[in-house]
Amino acid sequence: MKFNIYYRKDGRWEGRLLKETRPNGKRSYKYIFGKTRAQVEKRMEDIMRESFCGSCRNTFSEVFTAWFAQARRRIKESTAANYAMKAEKHLLAAFGRRVISDITENDIYKFIETKKADGLSNRYIADILALMKSVFKYAARQYNMLDPTVGVSVPHRSFGDIRTLDAQEQETLRRYISLNRTRSSLGAALALSTGLRIGELCALQWKDIDLEKRILTVSKTIQRVKDKSGERKTKLIITEPKSFASNRSIPLTDSIIEFLSAMKGDSREYVLSGRLRPIEPRTMQYRFSNILKNANLPSVHFHSLRHVFASNCIKTGCDVKALAELLGHSRVEITMNLYIHSSFEQKRGYLECLKLEF
């Protein structure tokens, strides 16, 4: 059942609900009138709700539990943990006890405004809403109910510029690494040379690196997730990379080959720990923070090295498709939007190349 709302010349609002399309092509409508748009919307929602799900009285929490039981069979453990965290912290806290058929589009917009007021970014709110939409799609299929998320506008994802290291700071970091060759600095050198994610670096074993063929293979990542068993709060898991495209092979340069050769260990050992047990991402981030402090460099997140790698590749003439494959992205748009940064001096140089004279 589709609907449209119009403002009439007589000052009233008119809503039209499409009831059916007859075999001869003619359409049958139900008309609703009101003094305000809100009145018409409310009446139309009530009619549509009665039409779709008058008997559905399950709570949002009950529906989420049923959906999650099915979803976790086809998703990674880390993804399931992420869904469970977002649901528990945000969705169930707001809608858990509500009868799912009573939740309206207006309720969802109020939820969005509340999350914005709490300081959550549009990107994070959009992720929460994506989870909510999945639950309502499931409910619509299972209980023949109206999906209130269909017409909801998701907040625009804002990908702000991440603080990276400029050319001079990068050179300072490279000099520090060359003078202090440790496993911690090896992690930073690998990130600058390959663009690996921190979880991929921590999960890297020597069997994943072929020094003769000069190839590094990414086939796993490491994450700390919430432990549902109750034995501990969180646990460290090694799983498949972020996406199918993240399974990839990366060529290695002469300089990083030399560094790796000096650190070479047993095939089962993890590269950054030198042991049969890996270090976890937050430990690597802590060690990287110490490197920056010792090198008198500004504090940046380890992930900024991935941005530095991408930007430097573009500067050398690397095409975006090849860069997307090196970074493990399924779409070049992700690479363009998130990992390509132009400095002001680059922009000045591009414009100078125009060589316009007046």
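This is a predicted model: local features need pLDDT of at least 70, side-chain atom pairs count only at pLDDT 80 or more; totals for chains, interfaces and linings use all residues.
Because its relative accessible area is 10%, and the cut-off for a buried residue is under 20%, His329 is classed as buried. When residues up to four places away in sequence are not counted, His329 touches Arg306 as well as Arg197, Ala245, Ala324, Ile334, Thr335 and Tyr339.

A separate element of the model is an open sheet of three strands, arranged in the order S4-S5-S8 with antiparallel pairing. Strand S4 (209–210) and strand S8 (248–251) stand at the edges with a single partner strand each, so that one side of each is left without a neighbour in the sheet. Strands of a sheet pair through backbone hydrogen bonds, in either a parallel or an antiparallel manner.

Between S4 and S5, which run antiparallel, there are two bridges, and Ile209 has Leu216 of S5 as its bridge partner. The hairpin of S4 and S5 has four residues between the strands, and within this hairpin Arg214 takes a positive phi near 60°. Strand S5 (residues 215–218) is joined to S8 by four bridges, again in an antiparallel arrangement; Ile215 has Pro251 of S8 as its bridge partner, while Val218 is partnered by Arg248 in S8. In a regular strand the side chains alternate between the two faces of the sheet. In S5, Leu216 and Val218 make up a covered face, whereas Ile215 and Thr217 make up an uncovered one.

How values were computed: Residues are numbered from 1 along each chain as its sequence is written. Side-chain values use heavy atoms; hydrogens and water are left out. Buried means under 20% relative accessible area, exposed over 50%, partly exposed in between (1.4 Å probe, protein chains only). Contact means heavy atoms within 4.5 Å. Two strands pair if DSSP finds at least two bridges between them.
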